[in-house]
Structures are given as structure tokens and as C-alpha cells.
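The sequence and the coordinates are shown first, and the description follows.

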Amino acid sequence: LGNANPKIRRDAVIKLGHPGTVQVLDVDVTEEGAPFMVMEFLDGESLGQRAFRLGGLDEHELFGYADKLLEVLIAAHAQGIIHRDIKPDNLFITSDGRLKVLDFGIARMREGSNVHTRTGAMLGTTSYMAPEQIHAKPIDGRADLYALGATLYRILAKKKIHEADSDAELLMKMGSTPASPLRFAAQHVTLGAARVVDRALAFDRDQRYPDAAT
């Protein structure tokens, strides 16, 4: 579990109660005091693994998975839960074609809940983090939409939004430089798909989609 509190993970997932999340079967502590969590067994592969194995995914398949993810985000955001770490490796495609959203371990609930992260903590995976998340500012569901846009960009363009030689350089780029239009990196992508991704990746969150349902 690393530094994640298993009770926080359990409470976030149980509160959400969506079939697109991994079922938590038990949370307990061993006799030695080590926390553990029992989750349902998943058979399949991550979205990142699938894209790599197949040499890419076509738009129809990819946006089908995006639709399923958005259904989970609609439910999560309605409960005040922000995932904060949407990325290809946290989206699992089961052998029967269902999508499961993994790792609610750093999910944060809005003020008023009993789940909090350390003030100023920057949690997530840099290449998929919204600028406001990079700067450890208060975030809302639009940060997850940015991460979805970054995920779509990564698979369609077969490259990340920004590349860098060091973690520090990557942080600076993600926090200060808007993403280039998708069709600059992937001319084969249809105009409609590119517009969806580009809007999700707007540097100013007020220019993104206002919510997952939209």
C-alpha cells in the first residue's frame, strides 16, 4: 500500500459504489501491525499495456473506453471525490471488455469530508497532471478531465504532452507550458477527436469542459 491509507481507499471506493471501480472485499491489519486490503481479482491488462501491445488504438475503441471512464468520473465528482491520478496504467480493461478505474489511493474529497491530504501536497503522476495540480492549488473535477485529455493524447500521438530530461524540467513544463494541439503531433487524428482532446487539455481550467457529463 505504500504511504496510502487503506481506510481512505476503502471509504472513497465504497462511497462511490460504482461498478467501474475495483471492489474492496476487506481492509484489516495483520498481527504484526501491517495494514492490508483485499480487492477483487481482475483479469486483463491496463489501457497502456493494451495500446503498447497493439501498437496503438483506433479512435473508436479509445473513445469508447473514455466514455466508460467519464461515467465513473461523473459518479465520483458528484460525491465530491477527485481521483487525481488518471493515466493509462490506472485504467484497466478486463478480459470481457469492461473498464475498471484503479488506484483511488490519493483520491481527495471536497472540504467537509473526513478525508484530507497534507496542505500543499502535490500528488499524482507528473505527465498527466493539470497545471493547477502541479502548483498544489485547490483542484476540482476539471483536473481529472485534464488527465483524461493527457491520456488520450499519449495514446493517439504515441508521446506525452511534454518530454524532459529530468523530473524538475518536466514539472516546469507541465506547470508553465500549454499542450500543443493534438494534430501537431498526430496528423492522422480526426478533427473532431482532436478538438475534444485539446479542450480537455486547456491550460486555463475555465476553458476546459466544465464537468465530466459535458
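## Salt bridges

Ten salt bridges are present in the structure, which is a predicted model. In one of them, the side chains of Glu-40 and Lys-100 meet at an N to O distance of 2.9 Å. This pair connects distant parts of the chain, since Glu-40 lies in the loop between β2 (35-39) and β3, whereas Lys-100 belongs to strand β6, 60 residues apart. In general terms, side chains of opposite charge can pair when their charged atoms come close.

## The three-stranded sheet

Three strands form an open sheet in the order β3-β5-β6, and their pairing is antiparallel. Strands β3 (44-46) and β6 (99-101) each have a single partner strand and stand at the edges, so one side of each has no neighbour in the sheet. From one strand to the next, the twist averages 25 degrees.

The antiparallel strands β3 and β5 (residues 91-94) are joined by three bridges. Within this part of the sheet, Gly-44 is placed opposite Thr-94 of β5. As a general principle, strands of a sheet pair through backbone hydrogen bonds, either parallel or antiparallel.

## Helices packed on the sheet

Two helices are described here by their contacts with the sheet. Helix α2 (residues 47-54) packs on the sheet and touches β3 and β5; the direction of α2 makes about 95 degrees with that of β3. Helix α3 (residues 59-78) also packs on the sheet, where it touches β5 and β6, and its direction makes about 45 degrees with that of β6.

## Packing of α3 against α5

The axes of α3 and helix α5 (residues 141-157) come within 11 Å, crossing at roughly 165 degrees. Because of this angle, α3 is roughly antiparallel to α5. The crossing in which α3 passes α5 is right-handed.

On the α3 side, the residues in contact include Glu-59, Leu-62, Phe-63, Ala-66 and His-77. On the α5 side, they include Gly-141, Asp-144, Leu-145, Leu-148 and Ile-155. By class, the residues of the contact of α3 with α5 comprise eleven nonpolar, two polar and two charged.

## The β1-β2 hairpin

Strand β1 (residues 24-29) pairs with β2 in the antiparallel sense, over five bridges. One of the residues involved is Asp-26, whose bridge partner in β2 is Val-38. The hairpin of β1 and β2 has five residues between the strands, and in this hairpin Gly-33 takes a positive phi near 95 degrees.

Methods:
Residues numbered from 1 in each chain as written. Predicted model: local features only at pLDDT ≥ 70, side-chain atom pairs only at ≥ 80, totals over all residues. Heavy atoms only, no water. Pairing = 2+ DSSP bridges. Helix = DSSP H or I, 4+ residues; strand = E, 2+ residues; numbered from the N terminus. Axes fitted to C-alpha atoms, helices over the stretch in contact; angles between N-to-C directions. Contact = heavy atoms within 4.5 Å. Parallel < 35°, antiparallel > 145°, perpendicular 65-115°, else oblique. Left-handed = near helix turned anticlockwise from the far one by under 90°. Nonpolar A, V, L, I, M, F, W, Y, C, P; charged D, E, K, R; others polar. Salt bridge = Lys/Arg side-chain N within 4 Å of Asp/Glu carboxyl O.
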